[in-house]
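Subject: Structure handover

Hi,

Here is the structure I promised to pass on. Please open it alongside this email, and then read on for what turned up.

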Amino acid sequence: MFEEAAYWTASRDLAGERLSGERVYRLHFPAGQLPPNDAFWSLTATDTVGYQVNTTTGRASVNGHSGLLANADGSIDILLQSNPPPSAGLNWVATPRGLFRLMLRAYSPGAAIVSGRYEPPPVLRVPSTPAPS
C-alpha cells in the first residue's frame with residue numbers, strides 16, 4: 001500500500017545514460033528535501049534485477065540513520081561509485097563495477113510523497129578529473 005511505503009528506482013542518469021559502476025554519480029538533496037517520512041528512508045544500489053549489491057565494503061546503502069554530513073547550506077550530497085572516495089565517507093553508496101540500479105524507499109511516507117508533490121533528485125554524473133601531468 002502506497003501509504004505504507006513508496007519506492008523509486010533509477011537505471012539511468014539525468015543525461016539518459018545507463019548507470020555504470022565505471023562512473024561516479026551524485027545525488028544532491030537540497031536542504032530539507034530528503035524523502036519526507038514518519039519512519040525512515042533508504043537509498044540502495046542494486047544489480048539490474050533489483051538485488052542488493054554485495055560490496056567488499058558492505059556499504060551498498062545509506063539511510064536516514066546513517067549520519068550523513070550536510071553541506072554548509074544544509075543540502076546533502078551522496079556519492080555513488082564503486083571505490084571508496086577520498087572524502088565524503090558517510091555520504092557514499094558503493095556500486096557494482098557493471099550496470100546497476102538505485103532504489104530509494106520511504107517508509108510511512110509523508111504527505112508530500114503521498115500527494116505526489118515530492119520528487120527525488122536526478123542522478124548526476126560527476127565529471128572525471130584528469131590525472132595531474
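A word on accessibility before anything else: a residue is called buried under 20% relative accessible area, exposed over 50% and partly exposed in between, with a 1.4 Å probe and protein chains only. You are looking at a predicted model, in which local features need pLDDT of at least 70 and side-chain atom pairs count only at pLDDT 80 or more, while totals for chains, interfaces and linings use all residues. Residues are numbered from 1 along each chain as its sequence is written, and side-chain values use heavy atoms, with hydrogens and water left out.

Let me begin with serine 108. This residue is found in strand β7 and is partly exposed, with a relative accessible area of 30%. Its phi is positive, about 50 degrees, although serine 108 is not a glycine. For context, most residues other than glycine have a negative phi.

**The antiparallel sheet**

Strands here are DSSP runs of E with at least two residues, numbered from the N terminus. Two of them pair if DSSP finds at least two bridges between them.

Strand β7 belongs to an open sheet of four strands in the order β1-β7-β3-β4, with antiparallel pairing. The edges are taken by β1 (5-10) and β4 (61-63); each has a single partner strand, so one side of each is left without a neighbour in the sheet. On average, neighbouring strands of this sheet are turned by 15 degrees against each other, direction ignored. Those angles come from axes, which are lines fitted to C-alpha atoms; in general they run from 0 to 180 degrees between N-to-C directions.

How many bridges join β1 to β7? There are six, and the two strands run antiparallel, with β7 covering residues 101-109. Within this pairing, alanine 6 stands opposite alanine 106 in β7.

**Aromatic pairs**

The rings of Phe, Tyr and Trp (its six-membered ring) pair if their centres lie within 6.5 Å; planes under 30 degrees apart count as stacked, over 60 as edge-to-face and the rest as tilted. The structure holds five such aromatic pairs.

One of them is edge-to-face and joins tyrosine 7 to tyrosine 107, at 6.2 Å centre to centre and with 80 degrees between the planes. Because tyrosine 7 lies in strand β1 and tyrosine 107 in strand β7, the pair ties together parts that are 100 residues apart in sequence. Tyrosine 7 is partly exposed, at a relative accessible area of 49%.

Tyrosine 25 and phenylalanine 100 form another edge-to-face pair, 6.0 Å centre to centre with 70 degrees between the planes. Here too distant parts of the chain are linked: tyrosine 25 is in strand β2 (residues 25-29), and phenylalanine 100 is in the loop between β6 (92-94) and β7, 75 residues apart. Tyrosine 25 is buried at 0% relative accessibility, and phenylalanine 100 is buried with a relative accessible area of 0%.

Ring pairs also link Tyr7, Phe40 and Tyr107 into a cluster.

**The mixed sheet**

Strand β2 sits in an open sheet of four strands ordered β6-β5-β2-β8, with mixed pairing. In this sheet β6 and β8 (123-125) stand at the edges with a single partner strand each, so one side of each lacks a neighbour in the sheet. Its neighbouring strands are turned by 30 degrees against each other on average, direction ignored.

Strand β5 (residues 76-81) is mostly covered, as five of its six residues are buried. Five bridges join β2 to β5, and these strands run antiparallel. Tyrosine 25 stands opposite leucine 80 in β5, and phenylalanine 29 has isoleucine 76 as its bridge partner in β5. On to β6: three bridges join β5 to β6, which run parallel, and the partner of leucine 80 there is valine 93.

**A loop residue**

Is alanine 15 buried or exposed? It counts as exposed, at 66% relative accessibility, and is found in the loop between β1 and β2. Alanine 15 and tryptophan 92 are 77 residues apart in sequence and 21 Å apart in space, C-alpha to C-alpha.
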